[in-house]
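Hi,

Here is the structure I promised to pass on. Could you have a look at it with the notes below beside you?

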Amino acid sequence: MQTFTVWRKKNHYKGSLQCSDIGGKAEGSLHCSDIGGNLYLSVLQVEKRLDLVKQVSHSTHKKLTACLQGQQGVEVDKKSVRSPSVRVSVFTCDNVLLLVKMLKLCGETQDQLSQELLLFEVQMEREVIEPLYTLSEVEIPNIQKQRKHLTKLVLDMDSARTRWHQSSKSSTLSIKEQSLGAKADALREELEEAANRVEICRDQLSADMYGFVAKETDYADYFQTLIEVQAEYHRKSLELLQNVLPQIKLWVEKPCFGKPLEDHLSLTSRDIAFPIEACVTMLLDCGLQEEGLFRVAPSASKLKKLKASLDCGVLDVQEYSVDPHAIAGALKSYLRELPEPLMTFHLYNEWIQASNEQDQDKCLQALLLVCEKLPKANSNNFRYLIKFLAKLSEFEDVNKMTAGNIAIVLGPNLLWPQTEGTITDMMTTLSLQIVRIIEPIILHADWFFPGGERQTSVSD
């Protein structure tokens, strides 16, 4: 919406409208100064104020009308707002095939914004623009018209007084002429009637001008109303946008590699991270009997392409089903690139302490206690992954991947300390401890995570 500025000049007026006798002396001597004096000066002062208020009101009305994007003076149901919001809403709603949900929601939002703009303009037109038009084009002109009428009556009265004075002089020179006396009486009556009309008009003008001055606060309220209406419009528009933004953010599926697990799950409304679920599902179909799975390095180009596909949520299962090592490599990369390991930083020391238990049963109990402390999101994904790895170890005779081998190649991607250094460095010093943690959990997967089937799918 265009902006506008109303310049308000400050004028200080002295004096006030005063009513003085027009008749003057008994003999009816009446002068223009008798009408003027303090009253005449006050009238001029109020007239200046009238001119200023008319100018400001007219200018503001013109600028506000120019700001309207809809059709002025049209009912709400027939008013069309030619705003960018409407054009965007029409465009997006007509092209729902493009970015489907996002553009549809944005189109609906822009339509709601245009409706708020329409209601705002209707209210502004009714409560601000129309009253300003009435003030500048009706009320003030009526007062000015009354002032002009008073000026005319004063001139008529001056003319009548001049004729009466001339008749009085003639009557003084010719006292014996009765006809001149009668004429003088008629002229005096005419003067009195003119003076009476001037007095009535003057009183009416004074009342109108006093009324105008008294209502200046009401006129100022028009501009207060303008600000209040604008504030309400912007408040509703902001509230509408703030309600829509969270929903939009939930739909924006940001790249999942390198993103915190909980953020990814929240944005995608999932329980299992998409890369984990997608890779596990494909490996269940084509990789359980692949020798050296997770140990054999995949093609770098294939791995890069698969990670990009998982990042954007577009995956050709048939293409990658012939290369299980690329799938396993993508799963390892996702786990390794998490900002915090799946088994968490804050539980790292507890995992290490649990693995140091020499008694096997005590070690399993200690690991279970730590496992139960995992956050829900981490626990769900860890359980999902361990169930799959347990299934993979069942084919160790074919794929040569025992629970111990799996723990060696995959363990450092599940747990590492919150210290500087590369995973390669940590593998050399912590590999044995990590194997002592991961291997028993894989071997006793059903005991650590009772219930449910090991084999899961993306549709679960």
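Leaving aside residues up to four places away in sequence, W351 is in contact with M343, L367, V370, C371, L374, L415, I437 and I441. Please keep in mind that this is a predicted model.

W351 also belongs to the largest nonpolar core, which has 70 residues. Along with F294, L335 and F382, W351 is among those with the most contacts inside that core. Helix α14 gives the most to this core, with 9 residues. Apart from it lies another core, of 32 residues, and F120, A160, V198 and Y219 are among them.

Next, the aromatic rings: searching the whole structure turns up 9 aromatic pairs. In one of them, F120 and Y233, the ring centres are 4.8 Å apart and the planes sit at 20 degrees, so this pair is stacked. F120 is in helix α4 (residues 100-173) and Y233 in helix α6 (residues 216-251), so the pair links distant parts of the chain, 113 residues apart. Both of these residues, F120 and Y233, are buried.

F382 turns up again here, paired with F449: their centres are 6.0 Å apart with planes at 75 degrees, and the pair is therefore edge-to-face. Because F382 lies in helix α14 (residues 376-393) and F449 in the segment after α18 (445-448), the pair ties together parts 67 residues apart in sequence. F382 counts as buried at 0% relative accessibility, and F449 is buried too, with a relative accessible area of 7%.

One more item for your list: F212, Y219 and Y222 are linked into a cluster by ring pairs.

Best wishes

Terms used
Residues numbered from 1 in each chain as written. Predicted model: local features only at pLDDT ≥ 70, side-chain atom pairs only at ≥ 80, totals over all residues. Heavy atoms only, no water. Phe/Tyr/Trp six-rings, centres within 6.5 Å; stacked < 30°, edge-to-face > 60°. Helix = DSSP H or I, 4+ residues; strand = E, 2+ residues; numbered from the N terminus. Buried < 20%, exposed > 50% of the residue type's maximum accessible area, 1.4 Å probe, protein only. Core = buried A, V, L, I, M, F, W, Y, C linked by side-chain atoms within 4.5 Å. Contact = heavy atoms within 4.5 Å.
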